Amino acid sequence: MNGQYASLLIALPLISAFFVPLIKGLGKKAVKYYLVLITALQTGIAAWVFQEVYTTGKPIIVMAGAWRPPVGINLYIGHFAALFVLIVAVVSFLMAVFSIRAISVDPIDKYAMLFLLVMLGATGMIATGDIFNLFVFMEITAISAYALTAYNKTGEAAEASIKYIILGGIGSSFFLIGIALIYGSLGTLNMAQIAQLAGGMDATVAQVGLALIVFGLAVEAELFPLNAWAPDAYQAAPHPITAMFSAFVVKAGLYALARILYLMQAVSSWHSVLKLLIIMATLTVFVAEFAALRQKNVKRMIAYSSIAQIGLIGLAFALGTQSGVDAGVFHMVNHAIVKALLFLAVGHVAVSLGGAEMEKFEGLGKRMPLTAFAITVGAIAAVGIPLFNVFWSKLRILLATLGAGYSWAAAVVLIASVVEAVYYFRLIHTMWFAGEGERISEGLAVSLMLLFLAALVIVIGVYPDYAWSIAQKAGNDIFNVADYIKNVPLMGVGA
Amino acid sequence: MIDWKLVLEVIGILIYATFMGFIFMGIERKAMARIQRRVGPPIYQPIIDTLKLLGKKESVSHGFIYDFGPVFAMGASIAALLFIPIANFQLFSSNADLIVVAYLLEIPMLGIMLGAMSSGNPYSALGVQRGLLTMVAMQLPYGLALIALIQHWGTFKLSEIVALQQTQGWSILVPALFVAMIVFDIVFQAMLGLEPFDIVSAPAEISMGPMVEYGGKHAALLFTQHAIQLFAETAFFAVLFLGGASNLLELLIKQIAVLFIAIFVASIYPRFTIDQAAKFFWKWPTILGIIAVLLTV
Amino acid sequence: MINELMIILFAPLIAGVVAWALDIKGIREAIGIIGAAIPLAYLVKLYPTIIENPIDYSITVSGFTLQFQLNTMSWYFAAVASLVGLAMAFGMAVTSRESYDWLFALMSFTGVLGVFLSQDFVGFFLLWELMTFASFMMVLRRNRHESLKYFVLSVIGAYAMLIAIGMLYAKTGALDFASIRQVLYMDAAMGTITTRETAIIFGLFLTAFGVKAGAVPLHVWAPGAYSETDQSYTAFFSGALSKAGAYGFLLLYILMGYKLYAAFGTFHNHLTFAYIIAWIGAITVVVASFLAVLQEDIRKLFAYSSVGQVGYILLAFGLGSTLGFAGGLFHVLSHAIFKGLFWLVTAAIILQTGKTQFKDMGGLAEKMPFTFAMGLIAVLSLAGIPPMAGFASKWLIYEAAISAHMPLVAGAIFLGSALAFAYVVRFLYAVWFGQRPSDLEDVKEAPLPLLIAMALLAIPNLVFGVAPGLVTQYINKILGGEVVGGDYYKLVTPTGTYNALLVTIALVIGLAIAGLVYIYGAKTRKIPVTNTYQSGNPVTEEFNLSIRRNFYKPLAEALEFWLKYSWDRFYERVAGMAEDFADSLRQAFYNGNVQSYSWYLAIVLLILALWGVL
Amino acid sequence: MDMNEKKVEEKVENAQPVEETRPELPDTKEGRLVREIVEKAPYAEGSVRRERRVEFRVPAERIHEFLELASEKFEMLMQISTVDWLKEKEFELVYQLWSVSEGIHAFVRTRIPRDDAKLPTVMDIWPVAETYEREAHEFFGIIFEGNPRLGPFILEPREYEKHPLRKDFNTIGYVKVIYGEDFDRYDESKTNYVI
Amino acid sequence: MSEMKEMRNENDGVISYELQEFKLFEPLFKWARKKSLWIVAFCTGCGGIEMPPLATARYDFERFGIMPNPAPRMGDLFLITGYVTPKTLKRIIITYEMMQDPKYILAHGSCPINGGVYWDSYNVVKQLDKYIPIDVAIAGCMPRAEAVMDGIMEIMRKIEDGTADGWKRYRENYEYYRKNQDELFGEGWREKDARRWLAWI
């Protein structure tokens, strides 16, 4: 089982997506179970790849059609990519199991196909080593995301997806122009080679190219002014899809932003772009947290909180220091787990009690104790209380920010997290200490998943060393571009 | 182990102090009478009153704490007395200093309050309230005066203060400490419960304040306590500001001098209401106290 | 020997989790009490080794090395906290119905112990957050508004500390106390950290520790939080948790003392930064005591009173002289024991009568004699009556304040202690004496565990009162020099002496003499409350013979100019404004139409262009 | 046409009531006041006793209306005193009014039968009347309709039933019953007078 | 109800306990009682205005150790100055019973003796002696200050030779006094009166 099997990560979802119409003939139930099967397979492969990369310590390079990189497209599965492909696979598996119960709207085969495409796109974005290929996978993810947002066929869903399409479209088009500029001046699309030649580019062209790419990806990665589409999209999408959005779709965009940013280190105006990104990221955290303060709909509230946390990760990446990037990756991992847990639980409540308004949550502790416990663990972790996983990564990010000298940014983030604490603890109080209700039976599968994620949160919180070491390796993979170039076997090219 | 000389001294001083305390109360009434051009009672009248009260054939109690209050008050007064250097007898004053004595002089107030509260009479409750408010009001200037004194002499021990005053002249000669003495004198008026500040046991308004339910031997206890307290406070005043005394007679003269100042003030001024008293104490005496403190720092 | 620190630290947390998991009536209490007893037992066992050399222990968690050290000072604070914690456990065995309380009470116990023992900022911050979170959850159960007010204020404090830690980390590159102290000591001369930054760091630390200790502008959470939770837990809450704030101020001296001195210099021969702390303490004492006197609810009274007493400790630390530290440290112990005792007494009263307002209580002295005796000891100790521990510590603070030439601050102590006397006697009057309301006839004495808890805290009051030398000798070890001389019964400072034993003997003599005079008189007969002089009017049971509502109305009238302003209303307005701002921000930005969103994109492009990036 | 109207007006004008023969009122301030009031209230007879003192006599059923009229001039009600004419079996109530503006006392007298004496209350004009009416009720047993707090006021319940100030109340008999028979006047014959 | 009954009895029946007999210091206490009489400041009737002149410079009863004292518990001498109505008598009885034991009553004027000018009035007590024991009575329709001083001297003389035993008489034939009182006020008048006052408090 040498490295080549890693390409299965891309191939499997693609092929199975096309088989879905055939399975449809066997009945709706079969499609759902098929979806679960495929995601389980994908998790298996991802786990094997993760184990392979982290034991040998060397990244797996997959060349499409055995062409050497500058000509052919290559997949570069380093430490970060291995880790994140695994997270994408695991979260998709969990959501697939959840969607058996959560999805009742009829064209289930279309849902399954789009589900697989989203998973494919995210995996592809993370694994690819070629800039244009990155654009292609981003388009796949974006388009299937637009469709999935509108899947519920309600007026609100339609409106949300239109917003998402317009903004996403503008963003990706600027991203394409940026890539064209880079390709025009450097003649290559391969990331490693771009990193090599980035120094020699003409200053203004490099500046414009970098800015456009960053702007394009920022829309996907929900930084401040550009994330207006996010709250509606999160709220309107079906529950499993919202979890997938916050867990890895947006993060893939964020990873791409970071990867390209650090590739183009040699560009002269690099620092001013970083400063701009820091401002945008801090504002994201600030605006999103304050917007969530008086939310009536719990799902929208958690959406805002997830945007804020992603803004925090953006801030960590934009610091430009090794500790910042490591902290950002660690926070990505923790945030993925916590948000998956929260959206899963809220989705479960919405499904069984019909709706996610605050009134539904009154006395939840008496009606659905396990889900309430899961939401409580998730909320307390999200706020950053010690003995829970987000505390360690938030502490790291803040120390890195202060280390890098942006004490005003740290102050704004901390004020925002005070606000976050207020609305989360209001939620906890409404759940446990207000309202009455008798006990309702909760689905076994969902309860198991909730317990697994909550246990994961507490285990990382109490003993974070192992998770931190993985995050450090992944952060190192993004940060020092030198050994990235070294690993990719480049053919010599003129220009 | 017990050095009998100290025990004898203590007993002697206690008897002397109680007797002189009663005489001071007598002087107080006699002087006020003379000021009003009346003949006034004989000087030893308080002794007669206490004997009469002790001789009452029945006595009434509202529960254990009601009895414990006056006993505790008198005990505390006696304890306070033992720590003040009386003329040439040092008693226990070598191992307690100014702050300890100041607090010991305040405990009888708690004793009386305890007894008055448990009597369950609205007048005594009002008396307790007024007593506490007067104490709260007077504590700040009282503290400032003491602080000025301590800062000037640089020590807390009463015996050392007396020694320093013997050598460098009385405290009131120092201008800053003279201001402190004025503040202390105003506070002294309230501590003794004399006219301008006798809001605690305002006879006409709330019929003897806390002492309304006290009769017979409880009243006798309170009278002896007041006598000892009077002697202790005048001695305290003398020690602090008038340079202590080498023998009892000199101390007696100083005490009576202090007493007369208080009596003259008492027989002129009408009674304050309690919130006027609080506002007054936090205005003039406090300002004077702050001046005294700032001058000596 | 090494992992004893870990046992001390995490025994309560583990016991809490187990008690919460098991949740069986009898066993839960037993586990809780054992969990609370282990730290005290181990601390006593480790006492001899502590005297020679401190015990160290460090664990590495996710790249941070958390160092813990049990030296003389941390032993002292930990011992005080675990004594009050044990009393709390006994109390909670009776008053708490839920396993929820046990989990978070013992979690906050671990937090406090961790704060005292940790030697590096990450561990310090982690356990500080844990302590705040656990105590917050205790209050959240009963009252959302008060708990959120408490949590927001203490989280702001904690995050201020985090920023300060971050700035220090950025400047010194180290997180553990030893190296930070070393670097700051060296740095004082070179001055790489500008005075402006030192001021910011000092200000941030001041807010953090000020919130937890309840200094005046930040004391707003204390009355709500202390009164809205299970009362026997409040004994620990106000007895030990507020000491973490005081410990923080001590930390400031240890870590940055020299740097702050170099940065701010002196203000007529007082350390400027210490002068600020002393004045914060003084203001806290006066303001909190005035507010305590005017309260109508028994819990609110003791809440403001404990804020005031912690003000004493801050004041003592602020004096800057070693005598000031000695006074402050002694007051940490005495405040913990008498305030803990007060809260347990309140717990017993509320448990038995179910009432919390003064106006419905009264005449409980006969019904609950033991609790009354304990209450009386606590009253004597808090009011500072000589034979009690409260007086010894207050006496030391007086000595320190006046000999440190801070007269107005010493004046504040005088006023504060008089007010303490006033509100404590008010408590005695309203609850224990006077006419008993008809519905309190069948009140019985508090259950046994609560009585044990009270005894547990009352005995030290008496013992340390009569023999304060025990405590001062240990404090001399903490401060290194012979700060307070004298043997077990006598305290000798450069300017004054206080022989506790002799004062007690004198009081006993006095009581004996007075007792003799009392016995000589006519035999007393007990008469009912109604046989009282109401200027001749006949009195029956229905008459209201005691003044329990607004007992200090004249004082309120004298102070009504000051009472108009209240910090509480100010903070409520600020919170309201913040929420409205948040709402308007959301309406403004996420207004739902796509045109404005695309305009945002255009604006970002414009910025990119203007900024020369494009 | 207007002739008739003029005629009608003339008839109305000179249809004035003929001036009653009354002891002529002196042309002083008091006299003018009394004449003014008597014009408004023909049923009342006013007279001026002396300077600053005026009297009115009003039948019992018109008293309330008269007092309302008088209250414009006489702002204060000083007292309601009662006289018990046992022989004529009548109570005489005197409303003593005082006019602050004019500085004149007015004594308004009415007579009501003795046995079940009833009068409308004047509390609506002068609220202070409540106390005077209660006192009158307690001592004489006069019932004032509309006074909410009639009933035992100051006296002991035992004396209240007897309405002690009525002439037909036998004081000495009552005293003998209550304070015992041996109540004796000072008798010179007793030598050692032992209390 | 029984507890209530017993308390009421305790409240009314002041006489159920025995007294303390000081053998040793009796003569000293007798002298002290004589030389320090405290007047309970309870001026009933029209004689109250006669009291202040006694305290002023001309007559100054303070020379004899007499001091007005507002609280009955500490008072010894009870001055009944002028006519006594039943309502006042109730207050007098309650205050008298609150005073502690060697207590004396000085009745001013003729009204307490036989009703005086109000001999036929329905609400004046004719013979005060039937209800509370009077030690010394001063005749005159409001005796002048000299007469009052003389009365006080009389009381001091009676204390001297032990005949001022009003309080002893009240103790021995308490039933007689109690009967008269109940006859005048009606049985259980303390509760009825207290309840009447409750409305106002």
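Biologist: How should I read the numbering and the confidence limits?

Modeller: Residues are numbered from 1 along each chain as its sequence is written, and chains are lettered from A and ligands numbered from 1 in the order in which they are written. The model is predicted: local features need pLDDT of at least 70, side-chain atom pairs count only at pLDDT 80 or more, and totals for chains, interfaces and linings use all residues.

Biologist: In which sense do β1 and β2 of chain C pair?

Modeller: Helices (H or I, at least four residues) and strands (E, at least two) are DSSP runs, numbered from the N terminus. Two strands pair if DSSP finds at least two bridges between them. In chain C, β1 (residues 55-61) and β2 (residues 64-70) are antiparallel, over 7 bridges. C:S58 stands opposite C:Q67 in β2(C).

Biologist: How many residues lie between β1(C) and β2(C) in the hairpin?

Modeller: There are 2. In that turn, C:S62 has a positive phi of about 40 degrees.

Biologist: What does chain E bring to chain C?

Modeller: 19 residues of chain E are in contact with 15 residues of chain C. α9(E) gives the most to this side of chain E, with 6 residues.

Conventions:
Contact = placed C-beta atoms within 7 Å.
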